[in-house]
Amino acid sequence: MDSKERKSVNDLVELAKTIKNKELRKKTIDFLKEPKITNPSMKYGATKLKEMPSWIGAHHYYVGGLVDHIYSVTALCIAIVDSLENVYNEKIKRDELISAALLHDICKVFQLSRNQDGFEFTSHLLDHCVWACSELYARGFPEDVIAIVAAHGGESMNPIPRTVEGTILHHADSLDASVESLGKNYNSGLLKDLMK
Ligand SMILES: [Fe+2]
Ligand SMILES: [Fe+2]
């Protein structure tokens, strides 16, 4: 799917500014602006967030794709919360969900690096979700936020989402990835051919 307009790290920071809790807002913006693992034994350098695709050969596979994906997932989460709070008498942890949505994939910057042809995988053993949760814990994020990030892979991963907020992020993440890939296949003619 072609982006209408590429989103920037600043756009992510603008979404983070909607977090009402001052301490959580600051921690989220600091991590977004400097995706860094504080443990000195970390051996993988960070690719610039603004240059990252979301993954190699999967959804949002283009320079800036990760920022577009993070923005879209966070905006979807906010829209879902607006609707659920409007219809049901349930108070959803909006601040924690926005923080988790903005940071759920940020540690992918350690999984991909640039080469002359584009991007390649680093020799990492750990996954972006494990790194994110470890760093969130090190930076003193609340357990609520860590639990939402930890479960963003959904039912196929452990831990599975155990909270309303974790369930919202998982489905928004999966929806955004699927729709972007579907649009790409449609535009490349794959689906058009299948639908003839
Ligand atoms: Fe992820
Ligand atoms: Fe994601």
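Predicted model: local features only at pLDDT ≥ 70, side-chain atom pairs only at ≥ 80, totals over all residues.
Reader: Buried, exposed or in between, and why?
Author: R25 is partly exposed, because 17 other C-beta atoms lie within 10 Å, whereas a residue needs 20 or more to be buried and 12 or fewer to be exposed.

Reader: Switching topic, how do α3 and α4 pack?
Author: Helix α3 (residues 65–87) and helix α4 (residues 94–103) pack at an angle of about 160 degrees, and their axes are 8 Å apart. That angle makes α3 roughly antiparallel to α4, since angles over 145 degrees count as such. The crossing of these two helices is right-handed.

Reader: Which residues meet there?
Author: From α3 come I70, V73, T74, C77, I78 and V81, and these meet R94, L97, I98, A101 and L102 in α4. Sorted by class, the contact of α3 with α4 has nine nonpolar residues, one polar and one charged.

Reader: What about α5, which of its residues are buried?
Author: In helix α5, which spans residues 128–138, the buried residues are H128, W131, A132, C133, E135 and L136. The buried residues of α5 pack against α4 and also against α6, which is residues 143–150.

Reader: What follows α5?
Author: After α5 comes G140, whose phi is positive, near 80 degrees.

Reader: Zooming out, how many helices and strands does the protein chain have?
Author: The protein chain has eight helices and two strands, and read along the sequence they follow the pattern α-α-α-α-β-β-α-α-α-α.

Reader: How does its radius of gyration agree with a compact globule?
Author: A compact globule of 196 residues would have a radius of gyration near 16 Å, and the protein chain has 17 Å, so the two agree. Along the principal axes, the C-alpha atoms fill a box of roughly 50 × 45 × 30 Å.

Reader: And how much of it is buried?
Author: Buried residues make up 37% of the 196 residues in the protein chain. As for contacts between residues at least 6 apart in sequence, 57% of them join residues at least 24 apart.

How values were computed:
Residues numbered from 1 in each chain as written. Chains lettered and ligands numbered in written order. Axes fitted to C-alpha atoms, helices over the stretch in contact; angles between N-to-C directions. Helix = DSSP H or I, 4+ residues; strand = E, 2+ residues; numbered from the N terminus. Parallel < 35°, antiparallel > 145°, perpendicular 65-115°, else oblique. Left-handed = near helix turned anticlockwise from the far one by under 90°. Contact = placed C-beta atoms within 7 Å. Nonpolar A, V, L, I, M, F, W, Y, C, P; charged D, E, K, R; others polar. Rg over C-alpha atoms; globule rule 2.2 N^0.38 Å.
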